[in-house]
Each structure stands twice: as structure tokens, then as C-alpha cells.
Amino acid sequence: MSNWIVVFEAANSLEAHTLKGALESRGMAVQLKGEALSGALGELPMDVARVTLLVQANDWQQAREFIQGYQQQGGRSWRCRQCGEENDASFEVCWQCGSGPEGPER
Ligand SMILES: [Zn+2]
């Protein structure tokens, strides 16, 4: 079941790939849309094209929160996926239950 939803429109390909890598490292599947266009034009530099990031519907909220944090350069807080507690950006693990922002290691 693939239900892709637009979560962010990156200003350029580099930003799109940075976010894609970061989201994927958190276990989310990411698709980029818009790159094919710039590729088809051949000579245009990659970064002129706006690239849309899509994630699975059930990852959307987490992806959105991550991107908002990214845009604030470090962000102010993150929500624990394990217990839902809001944590300050300076905490690397949840103060409530001790799990990281990505949840428990698998
Ligand atoms: Zn927690």
C-alpha cells in the first residue's frame, strides 16, 4: 500500500537529498519528485529545479516535525516516538522513557 503525500518542497536538489537522507536514516521512506524534469533538460544545473519530497502517509507527521526542526537549525524540541513526550532539542534521548528520537534501536 503506497500512499505518498507531499511533505516539503525543497528549494533545490541538494536540500532535497539532505532531507531525504536524514528522513531515511530515521526509517522513513522518501520519494523525490521534480528531479526528472531537470535531468531531462540536460544542461541545467541540478539546483535550479524545485524538488518535492513525498513520504508515506503514516510517516507524514514525523517527517513534517523533523523538517520543521531542520528549518529551525536544530529546532527547539522533538517528540518522543515511544511515549509522545516533548523533549528539548538539547536532550539526545527522551527524559521520560530514555528512547531516542528514532525510537528504540532495532
Ligand atoms: Zn519517551
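Helices are DSSP runs of H or I with at least four residues, numbered from the N terminus. The model described here is predicted.

One such helix, α1, holds both Lys20 and Glu24; being 4 residues apart in helix α1, they are separated by about one helical turn. Lys20 forms a salt bridge with Glu24, and the closest N and O atoms of the pair are 2.9 Å apart. In total, the structure holds 2 salt bridges.

The next part to look at is the sheet. Strands of a sheet pair through backbone hydrogen bonds, either parallel or antiparallel. Here 3 strands form an open sheet, and their order is β1-β3-β2. The pairing in this sheet is antiparallel. Strands β1 (4–10) and β2 (30–33) are the edge strands, each pairing on one side only. Neighbouring strands of the sheet are turned against each other by 30 degrees on average, direction ignored.

Strand β3 covers residues 51–56 and is joined to β2 by 4 bridges, the two strands running antiparallel. Within this part of the sheet, Gln31 has Leu54 in β3 as its bridge partner.

Two helices pack on the sheet. Helix α1, made of residues 13–25, touches β1, β2 and β3. The direction of α1 makes about 15 degrees with that of β3. Helix α3, made of residues 60–71, also packs on the sheet and touches β1 and β3. The direction of α3 makes about 10 degrees with that of β1.

How do these helices meet each other? Helices α1 and α3 pack at an angle of about 125 degrees, and their axes are 11 Å apart. Angles over 145 degrees count as roughly antiparallel and those from 65 to 115 as roughly perpendicular, so α1 is oblique to α3. The crossing of α1 and α3 is right-handed.

On the side of α1, the contact is made by Glu15, Thr18, Leu19, Ala22 and Leu23. On the side of α3, Ala63, Phe66, Ile67 and Tyr70 take part. The residues of this contact divide into 7 nonpolar, 1 polar and 1 charged.

Notes
Residues numbered from 1 in each chain as written. Predicted model: local features only at pLDDT ≥ 70, side-chain atom pairs only at ≥ 80, totals over all residues. Heavy atoms only, no water. Pairing = 2+ DSSP bridges. Axes fitted to C-alpha atoms, helices over the stretch in contact; angles between N-to-C directions. Contact = heavy atoms within 4.5 Å. Parallel < 35°, antiparallel > 145°, perpendicular 65-115°, else oblique. Left-handed = near helix turned anticlockwise from the far one by under 90°. Nonpolar A, V, L, I, M, F, W, Y, C, P; charged D, E, K, R; others polar. Salt bridge = Lys/Arg side-chain N within 4 Å of Asp/Glu carboxyl O.
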